[in-house]
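Please take a moment to look over the sequence and the model before reading on, and keep both in view as you go. The explanation is meant to be followed with the structure beside it.

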Amino acid sequence: ENVRRTADPKFDIETISLEDPKTYELLNSAKTVGVFQLESGGMQNACKTVGISNIDDINAICALYRPGPMAFIPDYARGKKDPASVAYPHPLLEKSLKETYGIIVYQEQVMECAQIIAGYTLGGADMLRRAMGKKDAEAMAKERIKFVAGAKEKHDIGEKQANEIFDLLNKFASYGFNKSHSACYALVSYQTAYLKANYPVEFMAAVLTAELGNAEKVSHFIGEAESMGLTVLGPDINESRENFTPVGDKIRFGLAGIKGVGEGASQKIIAERDAHGPFTDFEDFI
């Protein structure tokens, strides 16, 4: 809404380019306060370590930044920077694991690896993934026999190697993340980063508005706006809208953000001002 009102009446977040240099510059310089999923210190560090160059990198970081898989962020970064360092559990798995530099990041990759190595159907691979995720020992023992037999029959892979691949899949399946879920996060992360990089005034006004009524958060984001070189002006009875409002290259404090005022009174003040013009003095306002 802010962008449509101030910069581009036809702006549509769904049609922005996913290859915007300013967005990647913002992510890689870790200026991600206010950016969905990527604003914690750990996530900022992950962005810098990996060197984000496309939406797949954001997707992978969203999936890896959890207890357990976090340990593989440096491996992902190393594989991205030096393709020669990437090692695959088996040459056949390059097709599935190339996009994540040899690391099993997603649940879908666990399923695909079982399909490739042991000839599982998609349905069967999902059963395998579930048995692994739930650590169901009985189901796992049955799946192991099926996997080893399938690997031998399909690719003449020996029992020892088949068991090693099975154990590797098991290790990752227990905390693998659902790729489609991660992709939804990554897209919203990118969209918020894009807005912050390209429309900083409008974006920070919206972030502040989202925290109306939370004095601590408002103060945190005012600090961030100021560190970006943006001025947050105090409330003005003739210029403030209900929410934090972009005014040129500055942000005007919203009336509803003033303690004790709230939305109802703000709306009445703005309606009166819209109907009869600016207030001339304090008595006129009263």
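What you see is a predicted model, and every value given here is computed from it. The buried residues of α4 are D57, I58, N59, A60, I61, C62, A63 and L64. If you look for what lies over them, you will find that the cover includes helices α2 (21–28), α3 (41–50), α5 (73–81) and α11 (179–198).

N163 sits in helix α10, which runs over residues 159–173, and with a relative accessibility of 18% N163 counts as buried, since the word is used for values under 20%. When its neighbours within four places in sequence are left aside, N163 is in contact with R144 and V148.

The loops hold two residues whose backbone angles deserve attention. Most residues other than glycine have a negative phi. Q37, however, has a positive phi of about 70° although it is not a glycine, and its place is in the loop between α2 and α3. D156, which is not a glycine either, has a positive phi of about 55° and lies in the loop between α9 (137–155) and α10.

Charged side chains come next. Side chains of opposite charge can pair when their charged atoms come close, and this structure holds 14 salt bridges. In one of them, the side chains of E99 and K179 meet with an N to O distance of 2.8 Å. Because E99 lies in the loop between α6 (94–97) and α7 (107–118) whereas K179 belongs to helix α11, this pair ties together parts that are 80 residues apart in sequence. E99 is partly exposed at 33% relative accessibility, and K179 is also partly exposed, with a relative accessible area of 25%.

Another salt bridge joins the side chains of K142 and E138, at 4.0 Å from N to O. Here both residues lie in helix α9, four residues apart, which is about one turn of the helix, and both K142 and E138 are exposed. E211 and K217 form a further salt bridge, in which the closest N and O atoms are 3.9 Å apart. Salt bridges that share partners also join D126, R129 and R130 into one network.

Not counting residues up to four places away in sequence, E272 touches G277 and F279. Finally, although E272 and F285 are 13 residues apart along the chain, their C-alpha atoms are separated by 9.3 Å.

Technical notes
Residues are numbered from 1 along each chain as its sequence is written. Side-chain values use heavy atoms; hydrogens and water are left out. Buried means under 20% relative accessible area, exposed over 50%, partly exposed in between (1.4 Å probe, protein chains only). Contact means heavy atoms within 4.5 Å.
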